[in-house]
Amino acid sequence: MISITTSNVNGIRAAKRKGIDTWVEEHTPDVWCMQEVRAPQDQLDPIYADFAGEYAQAGKTDGEEGLTRINEVCRVKGRAGVGLLTSLPVTAVRHGLPGLTEDVDSGRWIEADVTTPQGYGITVVCVYVHAGNTDDPEKMAQKYRFLDTMLVRMGQLRDEAAHGGRQAVLCGDFNIAHTEHDIARPKANVKHAGFLPEERAYVDRWLGEYEFVDVMRMLAGDIQGPYTWWSQRGHAFDNNVGWRIDYQFATPELAETARGFVIDKAPSYEARWSDHAPLTIRYDV
């Protein structure tokens, strides 16, 4: 059984100040995908080293060097950034979404080919999709351009998995709530970025034409939520007025091995180290 976690850290330096180390001490997932890292490499290295120490202390690695640390820094200072940490063997790493070269699209895509202790190969993708903004046509254009380019790569990953190659899982903050089950107030947000019909149609294609599986929804069933993000404004967190925008989309064979999930919602607003909660799924591979 392996655990894969995706979590938007909302600035890893801020998360460090707010107590993310405590979460790492308790969990140490086999693969940890992070989004909105928002830090340069020289400031990430010591934070990742601290995390590596926690993995070693938990017995997940033989030493601090046993934790593979992969990062893709956004070329726009203070924006985006994705990271992937794993205690599993890594055979290949690919940075960036093929086909996108603009600075604003950097720091949003990492692929790592990992191998489980049983020899099962998985391509893990850490993704951070543009948030978009309906008041800013340029930002919406950036989001749709990224989503369109994703389709090309997802088709390639699907085809590889379907023909005996590596299975794949896309983990990240996709900034889209798929259905009314994934957002507390759908009617109030149907014209807002993140719940536009045009955005949700991409998820329809991922699950239909591209044959990926929304693993958490498969495990949870057709219930309301559970959510992974709550606005910092008002009392959204306390009243559980949230969105489910953090996902793991897996190819069918891998999805069938999923055995359970946890969303680590903080016990209180003050205890949060991010406005997102980590989503962890266990796979029996």
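In this predicted model, six strands form an open sheet with mixed pairing, arranged in the order β5-β6-β7-β8-β12-β9. Strands β5 (90–95) and β9 (213–214) are the edge strands, each pairing on one side only. In general, the strands of a sheet pair through backbone hydrogen bonds, in either a parallel or an antiparallel sense. Between strand β8 (residues 167–173) and strand β12 (residues 246–250) the pairing is antiparallel and runs over five bridges. L170 has F249 of β12 as its bridge partner.

Helix α4 (residues 137–162) contains 26 residues. At 1.5 Å a residue, this helix should span 38 Å, and its end C-alpha atoms are 37 Å apart, which agrees. After α4 comes G164, which has a positive phi, near 85°.

Helix α4 also packs against helix α6 (residues 197–207), at an angle of about 5° and with the two axes 11 Å apart. The two helices are therefore roughly parallel, because angles under 35 degrees count as such. On the α4 side, the contact is made by M140, K143, Y144, L147, D148, M150, L151 and M154. On the α6 side, E198, E199, Y202, R205 and W206 take part. The residues of this contact comprise eight nonpolar and five charged, with no polar ones. An α-helix has 3.6 residues a turn, so residues three or four places apart point the same way.

An unreviewed UniProt entry lists residues 6–276 as "domain: Endonuclease/exonuclease/phosphatase". Over residues 6–276, the model is 31% helix and 23% strand, and the end C-alpha atoms of the span lie 10 Å apart.

Notes
Residues are numbered from 1 along each chain as its sequence is written. This is a predicted model: local features need pLDDT of at least 70, side-chain atom pairs count only at pLDDT 80 or more; totals for chains, interfaces and linings use all residues. Side-chain values use heavy atoms; hydrogens and water are left out. Helices (H or I, at least four residues) and strands (E, at least two) are DSSP runs, numbered from the N terminus. The expected span of a helix is 1.5 Å times one less than its number of residues. UniProt positions are given in the numbering used here, feature names are shortened, and annotations may be inferred rather than shown by experiment. Axes are lines fitted to C-alpha atoms, for helices over the stretch in contact, and angles run from 0 to 180 degrees between N-to-C directions. Angles under 35 degrees count as roughly parallel, over 145 as roughly antiparallel, 65 to 115 as roughly perpendicular and the rest as oblique. Contact means heavy atoms within 4.5 Å. Ala, Val, Leu, Ile, Met, Phe, Trp, Tyr, Cys and Pro count as nonpolar, Asp, Glu, Lys and Arg as charged, and the others, Gly among them, as polar. Two strands pair if DSSP finds at least two bridges between them.
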